[in-house]
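Morning, everyone. Let me put the model up, and then we'll walk through it piece by piece.

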Amino acid sequence: MAEEAYPPQPLEPTELSERKQSSLHHSLLGPSLQKAGQDAVDQSKVAEIIYQASLGSKFFKHEEKRDEQLTKKVEAILARKKYLESIDLSSELYRIDERIAHLDEERDLSQFIVHVDCDAFYASVEELDRPELKSVPMAVGKGVLTTCNYKAREYGCRSGMAGHIAQKLCPHLIFLPLNFGKYSKKAEEIREIMAKYDPRYEAASVDEAYLNITPYCKTHDLDPASVVSKLRAEILEETKISVSAGIGPNAKIAKIASNKNKPNGQFLVPNNREAVMNFMADLPVRKVNGVGRVFERELVSVSITTCKDIYPMRGMLHDLFGEKATEFLIHCYLGLGRTEIRPVEEYERKSVGTERTFADLWGSNRLRERMKLTAEDLEKDLEELNLSFRTLVLKVKLHTYGVYSRQRALHRPIHTAQDIFQYALPLLASLEAEFKDKGGLRIRLMGLRGTALVERNRKVQGFFGKWVGEAGSAAGTKRKQLDADGWEIWPQEEPERLKDHQNQTSKPEARIQEDEHEDEGAKDITLEILSQGISSTENLHDLSKQKGKEKERKPGEQPQEQEQEQWRCPICNQSMAPDDRLFNEHIDWCLSREAIRDVVKESSSSNGQEAVTSSPLKRLKMLEKKKPAGTISGLFPLFRNNSNLGKQGGIDSK
């Protein structure tokens, strides 16, 4: 049936205004609305305080603009839904029912998966040094709260909230500075205990982890609830930190269950289909890890408020939200999740990045000073992981809260702060030029990230089997568990792992960029990112020359010339001076030379002795006649159309 037009019906001005204000109030509540300790809070009162405190600010205008965009998107979804209700969806229902039956049949109920989550971890660690803070509202971080204790949560304070907003909610709130060294040390103590129950536990962040206690239960002939109670008691006794835990047949169920009886509690979902389906049925979609405030609003707009509401809408899901979102929602309805738990080091790392939030920053020199510090942070992370990268990404958040990024592909892997800074300079310059006529570039966050990772000091085969220096492949690069308060997204089936802790002094450790306001094209990574807007991204390929480093010399020794950086040809392995034009021409020549060799072999076979005994000049003329299309005459023909290299001249394009 041909698709018909389905324009959304305009709303009355009064109704439209009320809807806009209501949705904006909800949006301003932030991403941490489902944090433990918030159930008894009057969120409408909190929303109004945030609304009034933010009114007229740059943040408010940014959120207002995003909310307007989301409203238009929701209106389009509703119009699409109305159209779908008018057509026959039987074929789609048949397809999706087959998929549900297949997934249900393959359900794995044999494992006992546990999600352990420390209770208000940073705040709890601080309370060990200052016990008097346990009875008063207290938060860690001031510009943006990274966490707060349960006394502060009673007032509506939560992680990711601006400090001045939190102070309006709770005027007597006490703020403490961050101390990541202290938190990391305490986290290691907790992990040592967890390793006794599952040596292959999977750290999801600095304060949470997944364990598979199935082998432990069998070995010690204990039920899962008893094992987890023992684990929690041991952690509390030895570290003085309370943890909550969820137990279920998969990671998704365990993660949700761990939030049920916080703080210092546990919740078990039995390993049978009926118990799992009942647990998920009345669960609000927002409580599923992977559904953020934007996706929640889209789902609620089509009457999906709990997981059981997904099934009646199954025939429209694909047309409304796409294939990946449909698959995710069906898994939520069935309560399915992964059962494989393994150390994070065994996962392939996709990128390494670092970012920091700060007070508004502007001016060419100050921006470059900040970028140099960020490059040094990234170098430390790369050094620790023994990695280099081939693609560099610069990310900034404007003072108006808009997020922009620029990236460039590099001709060789890099890892030093000097290289990172030098290659990032053109990216920063492009942003400065873009905002030159808009009052200049003024930012509150800067980040650098490397992708296309390469193991350092590892040799791989070049194009024609020759062994060259650093690898051009990311094979074998592993993920390392680091802090959750940044870009790091841990491997799991949920499409969103966003803590939204963009605080003033975000820890400069390796992490993967998953900014929830960035790049609508990131649907392949997370559903939440898909719903959060678009940022400008460009590929810039202007390559800069690198300065050589002066060798160290002993006292009294004559200074030596700086060591000239060398680029290595991936075909013949020859070292060259770092010149883009000459290097590219050399590669073209190498490729053409290999092609000529094949032509010579071919002519030798067809012309027999003539090809061997004829003079060099005669053989050259013969090659000129047989040369592939797209080459030019000369002693060293160059292929002008590189796309033909695999088809002409005998080079294997595969």
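Which residues in helix 5 meet which residues in helix 8? From helix 5, they are Phe121, Tyr122, Val125, Glu126, Leu128 and Asp129. From helix 8, they are Phe180, Lys182, Tyr183, Lys186, Ala187 and Ile190. Contact here means heavy atoms within 4.5 Å. The residues of that contact divide into eight nonpolar, no polar and four charged.

Ground rules, quickly. This is a predicted model, with local features needing pLDDT of at least 70 and side-chain atom pairs counting only at pLDDT 80 or more, while totals for chains, interfaces and linings use all residues. Residues are numbered from 1 along each chain as its sequence is written, and side-chain values use heavy atoms, leaving out hydrogens and water. Helices (H or I, at least four residues) and strands (E, at least two) are DSSP runs, numbered from the N terminus.

Back to the pair. Helix 5 covers 121–129 and helix 8 covers 180–197. They pack at about 100°, axes 10 Å apart. Axes are lines fitted to C-alpha atoms, for helices over the stretch in contact, and angles run from 0 to 180 degrees between N-to-C directions. The two helices are therefore roughly perpendicular, a label for 65 to 115 degrees.

Four strands form an open, antiparallel sheet, ordered 9-12-10-11. Strands pair if DSSP finds at least two bridges between them. Strand 9 (351–362) and strand 11 (403–414) are at the edges with a single partner strand each, so one side of each has no neighbour in the sheet. The twist averages 15° from one strand to the next. Strand 9 pairs with strand 12 (442–455) over nine bridges. Helix 16 (364–385) lies across strands 9, 10 and 12, at about 155° to strand 9.

The largest nonpolar core has 38 residues. It is a set of buried Ala, Val, Leu, Ile, Met, Phe, Trp, Tyr and Cys residues joined through side-chain atoms within 4.5 Å. Buried means under 20% relative accessible area, with a 1.4 Å probe and protein chains only. Val288, Ile310 and Phe321 touch the most other members. Helix 15 gives the most, seven residues. Apart from this core lies another of 37 residues, including Ile190 and Tyr197.

Last, helix 13. Seven of its nine residues are buried, among them Phe295 and Glu296. Serine 303 follows helix 13, with a positive phi near 70°.

How values were computed: Parallel < 35°, antiparallel > 145°, perpendicular 65-115°, else oblique. Nonpolar A, V, L, I, M, F, W, Y, C, P; charged D, E, K, R; others polar. Buried < 20%, exposed > 50% of the residue type's maximum accessible area, 1.4 Å probe, protein only.
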